[in-house]
Amino acid sequence: MGFAIAIDGPAGAGKSTIAKAAAARLGAVYVDTGAMYRTIALYLLRTGTDCEDTEALSRALSQIEIRLGYEDGLQQMYLNGENVTGLIRTEEVSRMASISSSKKEVRASLLKLQRDMAKSQDVLMDGRDIGTKILPDAQLKIFLTASADVRAKRRYLEQQEKGVECTLEEIKADIIERDYRDMHREESPLCQAEDAVLVDTSDLTLEESIETIVQLADSRRARRVITAETAGFCFGVRRAVETCYEEAQKGRKPIYTFGPIIHNEQVVSDLEKKGVRVIASEEELSEITEGTVIIRSHGVGRSIYQQIERQGLTLVDATCPFVKKIHKIVKEKSEQGWEILIIGSADHPEVQGICGWISGKVQVIATEEEARAFKTSEDAKICVVSQTTFDSKKFSKIVEIIKNLRYYYTDILNTICNATEERQAEARKLAQNCDAMIVIGGRHSSNTQKLYEICRSECEQTFYIQSLVDFDVSLLPSSGCVGITAGASTPNNLIEEVSHQCLK
């Protein structure tokens, strides 16, 4: 597929004039879809076909052959072999085109022809529903508009130059009527696509309008956006979030989560609206007398389970299975007399939860300096585990230091989640090959912070954002490649929204 630019907008906004000039500047084929509908309208006028008569309309359409040609770079419209380019710009044809183009039979007859033109060449196509219907996957969508007064004046001057008798008031009334008809028609109503760039030409000269389109196209064609395949919810987080929504749908309230279900303020806020409240501490938990308590994916210590049971509350355990595995390891090892060394962030809820299953001695380290300073008795049996979201590269370096300390009994278990390792490896490789990186995730998300550190070490222009509110697309380079990755608590819809913004 070539590079497609879709321009939509109301009648009289100057779409055709601006689009023709912009296409010439960009070396793209200009496709005036409005001319196609006008060509059909001309035939319907000539044959006196009633658009409200479905059978008559279908019969007329079956007798129409439309062909596009180009002379000196200008689109020519052929109706059953006749060049009608100079006959389709009258007000009578315009009115009929507005009416007939709202019919699904008419739109369906042209859809394949319009889409085929964008398959193998760069095109700039204008109309009423190009970005929403005809080319929904266009790389650049623009909604071109102007005030009704400005559009009426432009059309009036155009008709005066052609020697057509009319008044400014008549033209304005016609434009307002057509706007209403186009926006309220049942089939493909005129509207701005969600990912379209709004360009208001009311206060722009023709050259300024053309330049705006050219700059947008150059920027979009020059900037590529690559989203990491591993970006977004991991298995454990998805499972926890789905569990929360399922419990909320059951309607058995009150419902609580012990700590935020994930490190994403938007998701937590949405759950709160559905009646799922956050318990921030054991003290708050002790005050609850009824309801359901959901354990988040980070997991908790054994004492929290016991407290929930003592208080007669319903327990729903959404702890990530990979974290559960660590709980089992450290419980068994510590009961067997092993000291536990956790590689991770001591203040992270996952690490705090792991500590809650250890009956013996435990230490937590997160840096190479802390690893070198690690000390215990010479005959100690040391079991090393890791926070599931820890930086795999840092883990390897810390493990090498621990090995060199030469404690005789050392059992090193790499408990970093596979999804975390894959996410970090892909982010590192992507950052190495991009001009800018965007890392999306909650500000309290440990795995997102580590992703940011990894990307920042490989790509100087790395941005850490929580939502679109934090995102200033103007800071991105106008050309080159932009990479996007996201933490395990980042919803896919947010990743997609950021990607769309990067292309604006």
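What we have here is a predicted model. The protein chain contains 20 helices and 20 strands. Its radius of gyration is 32 Å, whereas a compact globule of 504 residues would have a value near 23 Å. Along the principal axes, the C-alpha atoms occupy a box of roughly 100 × 50 × 40 Å.

Of the 504 residues, 51% are buried. Among contacts with a separation of 6 or more, 73% join residues 24 or more positions apart. The accessible surface amounts to about 23900 Å², and carbon and sulfur atoms contribute 48% of that area.

Let me now turn to strand β6, residues 123-127. Why can this strand be described as largely enclosed by the rest of the structure? Five of its five residues are buried, and therefore the description holds. The burial applies to both faces: one side presents Val 123, Met 125 and Gly 127, and the other presents Leu 124 and Asp 126.

Which strands pair with β6 in the parallel sense? One is β1, residues 4-8, which is joined to β6 over five bridges in parallel. In that pairing, Ala 6 stands opposite Met 125. Another is β2, residues 29-32, which runs parallel to β6 and is connected through four bridges. Here Tyr 30 is found opposite Leu 124.

Key
Residues numbered from 1 in each chain as written. Predicted model: local features only at pLDDT ≥ 70, side-chain atom pairs only at ≥ 80, totals over all residues. Heavy atoms only, no water. Helix = DSSP H or I, 4+ residues; strand = E, 2+ residues; numbered from the N terminus. Rg over C-alpha atoms; globule rule 2.2 N^0.38 Å. Buried < 20%, exposed > 50% of the residue type's maximum accessible area, 1.4 Å probe, protein only. Contact = heavy atoms within 4.5 Å. Areas by Shrake-Rupley, 256 points an atom, 1.4 Å probe, with all protein chains shown as cover. Pairing = 2+ DSSP bridges.
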